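Reader: Hi! I'm new to reading protein structures. Could you walk me through this one?

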Amino acid sequence: MIAAIPVLQTERLRLRAPRLEDFAPFAAHCASDRATFSTGRLDRKGAWAEFASAAGSWTLLGFGAWSVEDRATGTYLGEIMIQHPAHFPEPELGWTLMEHAEGRGYATEAARAALDWAKGRVASLVSYITPGNARSVALAERLGAVLDMGAALPDGEGPDETIVYRHRGIA
Amino acid sequence: MTVTLSNTPVLTTERLTMRVPEMADFEPFCAFVCSDRVRYIGGGADKDRLHAWRAFAHITGHWPLRGFGTFVLVDKSSGAPVGSAGPWFPECWPEHELGWTIWAPEAEGKSFAHEALIALRRHAYADLGWTTAVSYIDPENARSIALAERLGCRLEQTAPTPFGDGQTLVYRHPSPAEVAA
């Protein structure tokens with residue numbers, strides 16, 4: 001049984017449905033310091049709950065996580081997700097990139113494809129970023145998002161933990 | 001737009017329709033997770049909407065990743081979702097589990113879980129080809145222990161548990177041959 005998750009192609013990347021074989025590199029990422037700014041460091045059990053719930057989002061909400069792969073080699077590079085868990089005030093665009101895939105503009109390229117797809121499909125879109133995560137702030141700004149000091153935060157989070165970048169031209 | 005899982009099974013029993021989770025099931029599930037009724041599940045899960053969502057989306061995402069999963073039990077007479085049950089095999093689980101939870105207190109004591117598990121165990125053995133199954137149960141969860149015993153499960157002292165806590169009980173279901181006999 002397959003969920004009909006849309007496949008998006010860019011010049012160098014393919015965004016496709018998450019598959020079981022993506023879990024091993026995803027879990028290795030979650031166990032590393034690189035997860036500090038997103039999920040926090042997670043053991044395999046926690047990483048699975050993240051991975052599976054992002055995949056499950058598609059049938060519940062009509063959007064969710066794509067696995068990002070290199071079109072030329074098929075190598076798994078990370079995830080791009082539009083997510084709206086129950087404690088978020090609005091949908092969020094998020095990204096996770098494997099260390100070996102950094103510094104080549106892959107996250108920007110994949111996020112642009114996801115943003116284009118999201119237009120007209122969600123009423124609004126923000127990115128929640130931990131203050132101090134300079135790479136993600138730079139990416140949000142490259143995508144044209146603007147800091148929104150007045151936006152509601154996820155339940156239980158304060159401005160010391162989370163800042164909100166609002167993506168434009170979505171609705 | 002909607003994205004649907006294709007070819008997912010729908011099982012029916014005398015009083016229940018069992019199907020994959022849908023968005024409308026979330027609020028009843030969330031009420032369960034945020035109640036004291038969840039104390040025996042997942043090592044006493046955190047009781048808020050964040051954890052409820054992750055657990056609910058996890059149950060849903062298990063389907064496309066594994067090709068099988070947990071069903072929502074719908075009371076045919078009211079149309080209301082009353083619980084979830086069925087095949088469960090997330091990462092770090094030592095072996096295939098048949099799980100169950102009844103969400104609403106008013107749905108308890110009606111043998112819904114027993115009725116569901118008879119059909120779901122048949123589904124696991126006949127449709128999924130499982131050769132064995134266990135249920136992991138909190139030692140203080142007397143209702144679930146009683147149900148496991150009613151289903152013919154036997155307590156196994158040496159089987160590994162997903163939580164590594166040395167406390168979770170492992171009940172082994174009768175084999176496919178024993179169930180058919």
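**A chat about the structure**

Author: Happy to! Let's start with A:Pro85, which is buried, having a relative accessible area of 8%. Keep in mind that this is a predicted model.

Reader: Where does A:Pro85 lie in chain A?

Author: A:Pro85 sits in the loop that joins strand E4 (76–83) to strand E5 (92–97) of chain A. Its C-alpha atom is 8.4 Å from that of A:Ser57, although 28 residues along the chain lie between the two positions.

Reader: Okay, new topic. At what angle do helix H2 of chain A and helix H2 of chain B pack?

Author: H2 (residues 44–61) of chain A and H2 (residues 49–66) of chain B pack at about 85 degrees, and their axes are 6 Å apart. That makes H2(A) roughly perpendicular to H2(B).

Reader: Which residues in H2(A) and H2(B) meet?

Author: From H2(A), they include A:Trp48, A:Phe51, A:Ala55 and A:Leu60. Among their counterparts in H2(B) are B:Trp53, B:Phe56, B:His58 and B:Leu65. The residues of this contact divide into 11 nonpolar, 7 polar and 3 charged.

Reader: What about helix H3 of chain A, how many of its residues are buried?

Author: 11 of the 13 residues of H3(A) are buried, so the helix is largely enclosed by the rest of the structure. Among the buried ones are A:Tyr106, A:Glu109, A:Leu115 and A:Trp117. H3(A) covers residues 106–118 and reaches 18 Å from its first C-alpha to its last, close to the 18 Å expected. Just after H3(A), A:Gly120 takes a positive phi of about 80 degrees.

Reader: And how many aromatic pairs are there over all chains?

Author: The count comes to 18 aromatic pairs over all chains. One of them is A:Trp58 with A:Trp117, an edge-to-face pair at 5.7 Å centre to centre, with 70 degrees between the planes. A:Trp58 lies in helix H2 of chain A and A:Trp117 in helix H3 of chain A, so the pair ties together parts that are 59 residues apart in sequence.

Reader: Are A:Trp58 and A:Trp117 buried or exposed?

Author: A:Trp58 counts as buried at 0% relative accessibility, and A:Trp117 counts as buried at 8%.

Reader: Nice! What kind of aromatic pair do B:Trp53 and B:Phe56 form?

Author: B:Trp53 and B:Phe56 form a tilted pair, 6.4 Å centre to centre with 55 degrees between the planes. Being 3 residues apart in helix H2 of chain B, they are separated by about one helical turn. B:Trp53 and B:Phe56 also belong to one aromatic cluster with B:Phe26, B:Phe29, B:Phe32 and B:Trp103.

Terms used: Residues are numbered from 1 along each chain as its sequence is written. Chains are lettered from A and ligands numbered from 1 in the order in which they are written. This is a predicted model: local features need pLDDT of at least 70, side-chain atom pairs count only at pLDDT 80 or more; totals for chains, interfaces and linings use all residues. Side-chain values use heavy atoms; hydrogens and water are left out. Helices (H or I, at least four residues) and strands (E, at least two) are DSSP runs, numbered from the N terminus. Buried means under 20% relative accessible area, exposed over 50%, partly exposed in between (1.4 Å probe, protein chains only). Axes are lines fitted to C-alpha atoms, for helices over the stretch in contact, and angles run from 0 to 180 degrees between N-to-C directions. Angles under 35 degrees count as roughly parallel, over 145 as roughly antiparallel, 65 to 115 as roughly perpendicular and the rest as oblique. Contact means heavy atoms within 4.5 Å. Ala, Val, Leu, Ile, Met, Phe, Trp, Tyr, Cys and Pro count as nonpolar, Asp, Glu, Lys and Arg as charged, and the others, Gly among them, as polar. The expected span of a helix is 1.5 Å times one less than its number of residues. Rings of Phe, Tyr and Trp (its six-membered ring) pair if their centres lie within 6.5 Å; planes under 30 degrees apart count as stacked, over 60 as edge-to-face and the rest as tilted.
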